[in-house]
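Dear colleague,

Please find the structure below, handed over for your records.

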Amino acid sequence: MSVEQMAMPQLGESVTEGTISQWLVSVGDEVKKYDPIAEVTTDKVNAEIPSSFSGKITALLVGEGDTLPVGEPICAIEVEGTEPAIEKLAKSTSAARNLTETEQQDTSMKKRYSPAVLRLAQEHSIDLETLEGTGRSGRITRKDVEQYIASGQATDKIQKKEETTSEQPGAACFSEAVAKAASKPTPAPRQYQNEAGDHVVALTGVRRAIATNMVRSKHEIPHAWTMIEVDVTNLVNYRNQIKGTFLKKEGHKLTYLPFFIKAIVAALKEFPRINSTWAGDKIIEKKAVNISLAVAADEALYVPVIKNADEKSIKGLAFAVDELASNVRENRLSPNDMQGGTFTVNNTGSFGSVQSQPIINYPQAAILSIESIVKRPVVVNDMIAIRDMVNLCISIDHRVLDGLITGRFLARVKELLENINPENTPIY
């Protein structure tokens, strides 16, 4: 028998770390290769990870709620092999004793910083090398940095640096700005006290990942927002004419959403800057048109992706929407289902919403919400008429997009939707 360590897998092309949200096994359990052993949450997906080996779980190396980098060991499994487990463990223990103090520090996790830790350190001019981490193997956590900031030490060091810099010629204006910023006290993390009757809801891995991604989006992306109203009376009439036949023939309901996605995708092809991402020193216009679709499930929101949406008919989009919604409800989403999105569509109208300001799905450049279709009196040819109207609300990354191109994009979507009819809008 031999002991093998299983590492945190990479659950996406840009994923660098994962959180163990729940262990599905305990020490002593026998597992087969590919059996699910844990639920892991990243900023992109919540997924069960399979065992890499067949054997017995001998150790869970991390706890539920722990976040660690891709490739870091998460558990030990005793498997069939030529080397006895006790001998292998003895060898590893002996090798560990021969490491010098410096080597142990170098092989620890102390210098593996999460994006949140790096961002806080940059904002407050903190040298992370000077901090002591309380995380596993000395890793510096976000809480460590926040406590360091709250203690006032970060402000003191900024002030000292300012004093040194101010002695240099031409540094007066800069040092004055730094001093003003440093003089503002940094509030300590707020402490909440439960009162009688309060119900405490523990954070799930999915909810924690959503929170992290939303904060990152709002923190890094300068959001701008606008709205346009669209007369979709023709669309409503057309869909009502064919929905019964479509259901009988295809076995799927024909909702309004595939029509909206079809128009949005066509406009994205004409305005590729909307289908892009900010890359620091450049903007990347994505060739693929992959629509991320916000789908709610109980207490979480998932954003699976319709790949190559520009190649699908309205029927194909209807099938894709149904399949993704079913996968979310039945917890059958795979990591691949959540990857590669280039533009997000949020169907808030299904909940009766008529206006919203969606948060951008990082790192995309825009997200569009389709609100409820409602009958309203509007002026048509100088006469008041009752029409089916809908609001389309879009949030944009103002580093990538401005009002001009966004306005043209929305105007094109409006034009396509208002001209839907049986003659120019094939379903197949």
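How many of the 14 residues of α9 are buried? The answer is 10, so α9 is mostly covered, where buried means under 20% relative accessible area, exposed over 50%, and partly exposed in between (1.4 Å probe, protein chains only).

Please note that this is a predicted model, in which local features need pLDDT of at least 70, side-chain atom pairs count only at pLDDT 80 or more, and totals for chains, interfaces and linings use all residues. Residues are numbered from 1 along each chain as its sequence is written, and side-chain values use heavy atoms, with hydrogens and water left out.

Helix α9
The buried residues of α9 include Leu257, Phe259, Phe260, Ile264 and Leu268. Helices (H or I, at least four residues) and strands (E, at least two) are DSSP runs, numbered from the N terminus.

Sheet
An open sheet is formed by 4 strands in the order β1-β8-β6-β3, with antiparallel pairing. Its edge strands, β1 (2–7) and β3 (30–31), each pair on one side only; two strands pair if DSSP finds at least two bridges between them. Between β1 and β8 (residues 73–79) there are 6 bridges, and Glu4 has Ile77 in β8 as its bridge partner.

Cysteines
There are 0 disulfides in the structure, a disulfide being a pair of cysteine sulfur atoms within 2.5 Å. Cys75 counts as buried because its relative accessibility is 0%, and Cys393 counts as buried because its relative accessibility is 0%.
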